[in-house]
Amino acid sequence: MPLTIALLMHSCLQICEVLRNIFSALNDYEDITLDVQKPSRPVDGVDVRHQTLARLARTCRTFSELALDVLWAHIYDLSPVVQCLPRHVWSRHRHNRSLKIDSCVLIVHWRGIEKYLLRVRALGKLGRSAMGDISQELAHTLCSHPWPFLLPGLEKLFWSDSSHESTHLLSNLLSPTLTELHLHAMGNLFMLSVLSNLGVTCPLMKSFSTTGSDSAASIPVSQAVVCGWHHLKTLSTEAVDWRALSHLSTLPSLTNLQLSFLSQNRVSSKYSQTTFSNPLRHLTIRAQSAELCIPFLEATWIPARRVSISLGNVPRSSSNETFLLLLGSRVTAQQVQAFSLDLTCDSLLTISDIMPLCSFCALEELILPSHSANLTINDQDLVRAVKSWPKLKKLCLGDEATWVTPARPQITLDGFASLLLHCPDLRTLGIGMDATSYSVVTPEVPGGGVTNTKITTLSVGASLIDNPLAVAAFLSSVLPNLKKLLYTKFEVVPHQTERRHEKWVRAAAYMRDVHMIKKQERVRLGIH
C-alpha cells in the first residue's frame, strides 16, 4: 500500500481482527446492495455480497488477503474455481450455458489459482449441486490437478452427484481435514469403493449424513466407513449394518443419531446385541412402519435425552403399541426429556396408542402432531396421561390439524384447565380443542381458579369456537400473562374455517382489551 494511502486510512482498519469481523458480517448480511436505489440481487449469477468482497480484495493490500479469505471460505459449487483459470482454457456452451473445457490446463495455470483453492473451507449447499454448471469433461480435468487434494483445507462438503466423473472428483475432495460430509447421491459401485476407506481418509470426521433419492440405492454405512472415526458427533443414514452400529456404540463423542428403516433396506435386517455406553443427546428414528424398527430395538439399548419418532402413512396396528413399549425400555424412558411422535396414519389415534408414553416420567417436552385430525383423546384421557408428566414444559397436541367436519377435537376448556393443573411448569402450549362449551360469560371463576403465569403464547390451530368473548374471558383468567394467540389461517380450508378464524381473531382482540383493563386496574390500585 502506498504510504500516502496508509496515512489516510484510519488505524482501526489496519487491525486484522477488525477487518475480519467487518468482512464476515458483510458476507452474512442478506440485504446488501451496491445501489441504494435498487434492491439487492445477483448480478450475472454472482451474489452481490461476493461482488463486494471481490472489490474489497482489489482495493488495497491491507484488505486483499482477509477479504479473499472470507470470499473463498465457503463456495456453493466449483464454478468459481473454473472461472479463475485463464479465459482461453474454458468457455460456456452456446445452448445450456454450462462450462466446458477448451484447452489443456497447464501446471502454471494450476499454480495461478492455488492461492484461492487453499482458502476454501466449505463446498456445496443443501439442495444444490456442488458440481455447479461444469461439464463432465471439465470435472475430469479438475481431477488432473498436481496436488494430493483439490481443496486441501476443505472441512465441510455437501455432495449430490452420482455420475462416474463426479464421483472421481469427489474422491479428490476427501481430504484429511474434512470434518463434515453430507451425501445425497445414489450408491453405485464406484461410490462405495471411494467411501470404503473414508474412516482412514478423513479421520477427523465429526458429522456424516447420507441419503439417496432412491432408498434402494442408498449408500450403506458399514464398519469400513466409520472404523477410523473417533470424534464423530452426528450421524444420519438410511442404511447401517450391525458392525458399524457396534463401533458407534463405543464412541463417547456421538451425540446425535438418526436412523431410517425402509422396506428396501436389506443391510439392516439383522442385528446383534448392542449397548451404547453413553447417552445420546438426540435419537431420531424414521420408518415406513413400526414393524421395521422392532428388530433394531430388540437388539439395541440406546439411552437418549431427546427422542423423535416418525412412522409413515400406514394403517393402525398393534405393533405401534408394541413398538412404543419396547422403545421405552431401550432408550431408558426415565431419562428422556423430550419426545416427538408422528404417527401419520389414517385411522383414529386413541389414548391406548399413546399410553406407553406414560413411562417417560421425566418428559419436559412432548410433541404429538396430528395433521389429519385423527386424534380422539378426550378430557379424561388427557388428565390420565398428563399426570405422568408433571415436569412438562412444552406440549403440542393436535394444534396442526384442520378439524374438517365431521372430525372434531374432544378436548374441551375443562380439560384444558385440568392440563394446567397437573403440569404447572408449562411454558409452551399448542392444543386442538373444542371451545364451544363456553358460550356465555358467567360470574364463576373459569377453570376452578387454576392459573398459569408462564405461558405467554398459545397455539389453538383450527380449534372449534362459538362465543369469542366467553373464550377470551376464560383464557384471560387461566393464562393471565398470555400475550399472543396463534390460530390457523382460514385459507387452509376456506369453506369450513373462515368463520372459525374470524371468531379467534375477535377472541384475541377481546383478550387484549381484558389485559389492558386489568393493567389499568392495577395502576389504579397501586399494584405494580
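## Aromatic pairs in a predicted model

The count of aromatic pairs comes to nine, where rings of Phe, Tyr and Trp (its six-membered ring) pair if their centres lie within 6.5 Å, and planes under 30 degrees apart count as stacked, over 60 as edge-to-face and the rest as tilted. This is a predicted model, in which local features need pLDDT of at least 70 and side-chain atom pairs count only at pLDDT 80 or more, while totals for chains, interfaces and linings use all residues. Residues are numbered from 1 along each chain as its sequence is written, and side-chain values use heavy atoms, with hydrogens and water left out.

| Pair | Centre to centre | Angle between planes |
|---|---|---|
| Phe 23 and Phe 63 | 5.7 Å | 80° |
| Tyr 271 and Phe 296 | 5.5 Å | 75° |

Phe 23 lies in helix α2 (residues 16-28) and Phe 63 in helix α4 (residues 61-73), so their pair ties together parts that are 40 residues apart in sequence; helices are DSSP runs of H or I with at least four residues, and strands are runs of E with at least two, numbered from the N terminus. Both Phe 23 and Phe 63 are buried, that is, under 20% relative accessible area with a 1.4 Å probe and protein chains only.

Tyr 271 lies in the loop between β9 (256-261) and β10 (274-275), whereas Phe 296 belongs to helix α13 (residues 294-299), so this pair joins parts that are 25 residues apart in sequence. Tyr 271 counts as buried at 15% relative accessibility, and Phe 296 is buried with a relative accessible area of 1%. Together with Phe 261, Tyr 271 and Phe 296 form one aromatic cluster.

Technical notes: Buried means under 20% relative accessible area, exposed over 50%, partly exposed in between (1.4 Å probe, protein chains only).
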